[in-house]
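Visitor: Hi, could you show me around this structure? I'm new to it.
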Amino acid sequence: MRGYGLTGIAALAIVAAPAAAQTTADPVEEVSVDQLQQRMRTGATSSVAITQAYLARIATIDRQGPTLRSVIATNPDALAQARALDEERRAGRVRGPLHGVPILIKDNIETADAMATTAGSLALKDNVTRRDAPMIAYLRRAGAVILGKTNLSEWANIRSTRSMSGWSAVGGLVRNPYALNRTACGSSSGSGAAIAASLAAVAVGTETDGSVVCPSSINGLVGFKPTLGLVSRSRVVPISHSQDTPGPMGRSVRDVALLLSAMAGPDPTDAATVRSVVRDYAAGLSAGALKGKRVGVIRPAGMPVALAERLDAALKVLRAAGATLVEVTPPKLDGLGEAELLVLKTELKADLDAYLATTPAAVKTRTLEQVIAFNRANAAAEMPFFGQELFEAAAETKGLVDPTYRAARATSLRLAGREGIDAMLKTARADLLVEPTYAAAWLSDPVYGDQYGGPSASELPAVAGYPHLTVPMGLVQGLPVGLSFIGTGGTDAAILSAGYAYEQRAQARVAPRYLPQAAVVPGLEGAGR
């Protein structure tokens, strides 16, 4: 699996939970957005109490106990925000379904709170911008409490092809709450592990290729990569303007749809959002959405037997929900990976240089070249496990006017879109495609990095800019796996509703148990004598 698609030093920038958070008895484990809202509506609890409960849970589970290291920083202003929203509620004003609900934000997205936006790198430890990404401004307008920032694969895992997903110099290694020695995947690893562990109801991740859907699938979550341009990318530490997008992550399709509804919308500083509209995606969810739909089924070659069994069980659920299933053979798309990588390297240099130029004066790394130099000068902290060969290769690219780059972008877009997803949908006369998102989580390995050779559903929708939803389809030897729902551009609502219809019948999500390792496979111990 590519580094940019996946994806220690003790955490810096950690703000301890207030003492009051240690004493609250408000239960938040496995609680949905709707349940939180109902409790606040009836007066059974408050935003302050809920925020305190999550801060206490972070202190006991993320900092101690299993030590997930999924949260880089808690927001020192979170309780004040919650208090103000409680006052609004008492005054008769409720902004919507997220009013007073604490959410976590991946630490490559700027917020105006007193927290740095580090992308996991010590080079950005002073990047306290005091400005909201437009997407965050939308979430505040909807009444969300910004609870804190989540850990991530450093620089969203674009630094090295040999990286270890979930590790950053700022936050250390994120651990998978289902088996603590397994990867949480990346780069939105912290968002995935934190929501699986009920450190908030929902979180925001970002994806370039797999970085929302992989940690969602591997941490037993629902994750949604929207159509490119549905959600603003401004004031997000970038990799690629052709593929980057924030995406919602949660424990149910409805929670994810509620978060998407609040964060999507136009942004004059991001031209890709010109057609984005404010919409209630949760209102359109229907348990009958699969009835009469034609669903193209992709069966990746070489699937592990246990994963194939999970897929077969999921397909039975789709049929029971009224879908007609059509087997689809993916076309050969020679050259797609090479074209995509050239696009990402070229845009990384251009986009990251442009972003760094806007950071506060306290940030001394103002270009990709300066970040590379910083990493070399601080190699013990920044590069104890893997290097920065992708950064170095990106620094050698020739810019956005380079004909080779432009040709690569046209090629990758054509292969992934018109000749990839769109061709499969047309040939099968299908409304959407399904396939396993990934196999189960592999071991976290600081020596060899990510050792994954299984199926991956992320590349085509990531490159094409099309919507991609993953929904839990159960456990394989104690580890979660997900089912992907993929459509053509702009079909976000239909994809969410199809995933919801499957979820309501399958009820396949299982809460984590924080085991030290995955369930032992029968037979490993031998028959004995």
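Predicted model: local features only at pLDDT ≥ 70, side-chain atom pairs only at ≥ 80, totals over all residues.

Visitor: How many disulfides does the structure hold?
Guide: It holds 1 disulfide, meaning a pair of cysteine sulfur atoms within 2.5 Å. Cys-185 is joined to Cys-214, with 1.8 Å from S to S.

Visitor: Which parts does the pair tie together?
Guide: Cys-185 is in the loop between strand S5 (172-173) and helix H5 (189-196), while Cys-214 is in helix H6 (residues 213-218), so the link ties parts 29 residues apart in sequence. Helices (H or I, at least four residues) and strands (E, at least two) are DSSP runs, numbered from the N terminus.

Visitor: Is Cys-185 buried or exposed?
Guide: Cys-185 is buried, and Cys-214 is too. Buried means under 20% relative accessible area, exposed over 50%, and partly exposed in between (1.4 Å probe, protein chains only).

Visitor: New topic: where does Ser-458 lie?
Guide: Ser-458 sits in the loop between strand S11 (432-436) and helix H14 (459-464). Ser-458 is buried, at 2% relative accessibility. Leaving aside neighbours within four places in sequence, its contacts (heavy atoms within 4.5 Å) include Glu-207, Tyr-438 and His-468.

Visitor: And where is Val-48?
Guide: Val-48 is in helix H2 (residues 47-62), and is buried at a relative accessible area of 16%.

Definitions and conventions:
Residues numbered from 1 in each chain as written. Heavy atoms only, no water.
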